Amino acid sequence: MSEEENGNEENIDNNENTDNGNVRLTRVSGMYEDYFLDYASYVILERAVPALHDGLKPVQRRLFHAMKEMDDGRYHKVANIIGQTMKYHPHGDASIGDALVQLGQKDLMIDCQGNWGNILTGDSAAAPRYIEARLTKFALEVAFNPKITQWQATYDGRGKEPVFFPMKFPLLLAQGVEGIAVGLSTKILPHNFNELIDASIKILRGKKAVVVPDFPTGGIADVSNYNDGMRGGKVRIRAKIEVLDKKTLCIREIPFGTTTGSLIESILKANDKGKIKVKKIEDNTSEFVEVLVHLPPNISPDKTIDALYAFTDCEVSISPLACVIQDDRPLFVGVSELLKLSTDHTLELTRQELQVKLDEFQQEWHMASLERIFIEHRIYRDIEEAETWEEVIQNIHEGLKPHIGHLIRPVTDEDVVRLTEIRIKRISKYDSDKANNNILALEDKIKEYKHHLENLVDYTVNYFKYLKEKYGKERVRKTEIRLFDDIQAQKVAIANEKLYVNREEGFVGTGLRKSDAEYVGDCSDIDDIIVFRRDGVMMVTKVDQKTYVGKDIIYVSVFKKGDKRKIYHMLYTDGEKGATYMKRFYVDGVTRDREYDLTTGSKGSKVVYFSANPNGEAETITVHHRAIKNIRKLRFDIDLGDLAIKGRGVKGNTATKYPIRKVERKEKGSSTLAPRRIWLDETVMRLNGEARGRLLGRFSGDNKVLELSASGYYRLLPYDFSTHFEEDWLVIDKYDKEKPVTAIYWESEKERYYVKRFIPENTDKKERFISEAEGSQLELVSYHPQPSVKITFKKVKGKQPDDEVIDLVEFISVKGEKAMGNQLTKYPVKQFTIIEPELEVEEGATQEEETPSSPDEGQSQSNDSNDDKEPPNLDENGQITLFS
């Protein structure tokens, strides 16, 4: 560009308007900044974010206003409602229709008729011309009062609309809201109707109130990180899943924000990726959710439930962000503070309503008193000689003056004008007694409303109680609140890959050619694998297509972090001194892809024997020496079960100082670990081995857990940490095949209470142990060996029978689980109370499980501290006499 052109451009920029022929240039500097700010402010204030006072967005407020104008008690076509709302909302029928459908699906303020869609399946509503709506009685009661409503002109100036509704209820928290504006968003979760009312009452009484979300789709929620609904909080929501049988799961409730369609799609995607295995899925959802998940053979339903939570939308996480508009500014505030502000606002609105009603009654009393004075004292005759209107007014004022000392306010000209409008017919038929009674009734009303204003808090509390009583009976909590246990994806992922190893070349992975590699086993694509090499080096790495881990691999397997019950046996020859060491160890925490030397670290060290034992099994091995002079025994046996279990970093005990030709297993023994102690954490309803919750006992082998449920069923379950229990469980304990269950139940056909004692059969099925007759129900159940029951009877003919205590062990013997049992009593029972004597604590029950502790890595045992000293348990041939 030439200098002349540059000069011309500068001249144009320095002038706001420059004529260049017929073209006029205008500077736009700063216009974008101002316009964008105006646009952002408009979207925030007028579109996306609700107001603090009534909890409504502008489109919702205008919808309610239009529906109130149309309200005649009957349903109106949604198309008509949308048209009426367009007088107030200038953004088209689509946005109005969507907002109306969303409000209708919340089932609180709008009474719907027709197909309004389904929040469970995601089905959309029918066209506006086919569906109808009207305001609910609740909405009419809490949201509308034109006498205390502030009004403003509509967008075109042809009408008026409310600035805010006088909302006397925390609607914002009850319905929840989500909105995305320019550079700003809000997400307030819905809460339970009755819980909000209870919390508001607590706030009015000066107490602290805490509320947690309640979702219309139900499910189970962990609100431990809710953070009062503010930024940084998180709510985890899970579907409610039942085990129908070994091959079928049933999803009864879904997480908020999902539909059965999106849920099924996420399950199918996880199945395609190999995270879970599903045979087929059936969606039978209509009024209630019912999604059947059919499993292939040999797939654990409990493990599949955890996998559904880990890999599908059966568990979702929602991050709330409470933001509202107050005084035309965004306000970020917690749910508790929002509820307090709403409650205080309701208190003020109640005061205003009471004051308006009081003023109306006082005005009515004032005019009734004036009217009585005007008629009874015949003041209307004073206007007969008046010639002008002013004289009429003046004469009436003069006539009233002697009689108005008891009035609550001065008499105005307007009052006098209203007196002159009384008809002669009314004066002639005036009933003094009736007028006095009316004035007395008004005085009672005035006194009543003054009392309400003086006791405003109590009046508002009663108002909230009235709302709960009238509208909250069916609004029970739908979402169960529970703490979730953390599901480790590696433990629940389906083994969807095959792991191979090329021992000589040093490669492991799922993509090796079968002709060049050896099959190890199945794994998932998120697993870790552990590798041991001949040189004594151990490594943990992630499963991949092909990974080089070093040549001469002697062992490879899927690695389970934290598994201290898998014990490794290793004998290795020191490359420097030639002695052979032996050790038993477990592998706990490691750093991925780091090499750990399990030998002394000398060059040339190598492993001569290695084995992995999943449950700490011992074994006896035979060690063969090389045939050299001065060795009397060429072979000897070692029982590795006599070695202490320590960490991987220990040096180990000396097995022999002579060269070894080979080592072979002679005999495999039983586990040397103590039975595993299992606890039940009733907070998350999971078994664990970390001493969380109630101790069930020591488990090993085929031991099982007994579950007794309120529906009258029992199950025998494995003591696996992924086991899921019924929602209505009553007893969960260690199963003892010689210990009976005692149950008291109501038999509906005979209309009597029965008691039975039976030993559950060792079966994998869910068995019913009370009568199959419809209406039969379990009253109480005990797994105590010596239970008794205290029976409290109902009054008979005004007399209260004495309580009776029955020793159930003596009352009935142990029978089969299908037996009906014995009749317990024929009299009406008020209450059963189980009595379970305290049992003696089993010896050693409080001792810690004999699980090996993790010693410091790299430290040797005390008898290994001096390599130059001959171990005290070696004979002249270098053999360990202890193990001969």
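Basis. I am working from a predicted model, in which local features need pLDDT of at least 70, side-chain atom pairs count only at pLDDT 80 or more, and totals for chains, interfaces and linings use all residues. Residues are numbered from 1 along each chain as its sequence is written, and side-chain values use heavy atoms, with hydrogens and water left out.

Sheet. I looked up an open sheet of four strands, in the order E16-E11-E10-E19 and with mixed pairing (strands are DSSP runs of E, at least two residues, and helices runs of H or I, at least four, numbered from the N terminus; two strands pair if DSSP finds at least two bridges between them). Strand E16 (315–318) and strand E19 (480–481) each have a single partner strand, so one side of each is left without a neighbour in the sheet. Strand E10 (residues 220–225) runs antiparallel to strand E11 (residues 234–238), joined to it by four bridges, and I noted Ala 221 opposite Ile 237 in E11.

Loops. In the loop between E10 and E11 I found Asp 228, whose phi is near 60°, a positive value in a residue other than glycine. Asp 228 counts as partly exposed because its relative accessibility is 25%, whereas Asp 328 counts as exposed at 60% (buried is under 20% relative accessible area, exposed over 50%, partly exposed in between, with a 1.4 Å probe and protein chains only). Asp 328 lies in the loop between strand E17 (323–326) and strand E18 (329–332), and its phi is also positive, near 60°.
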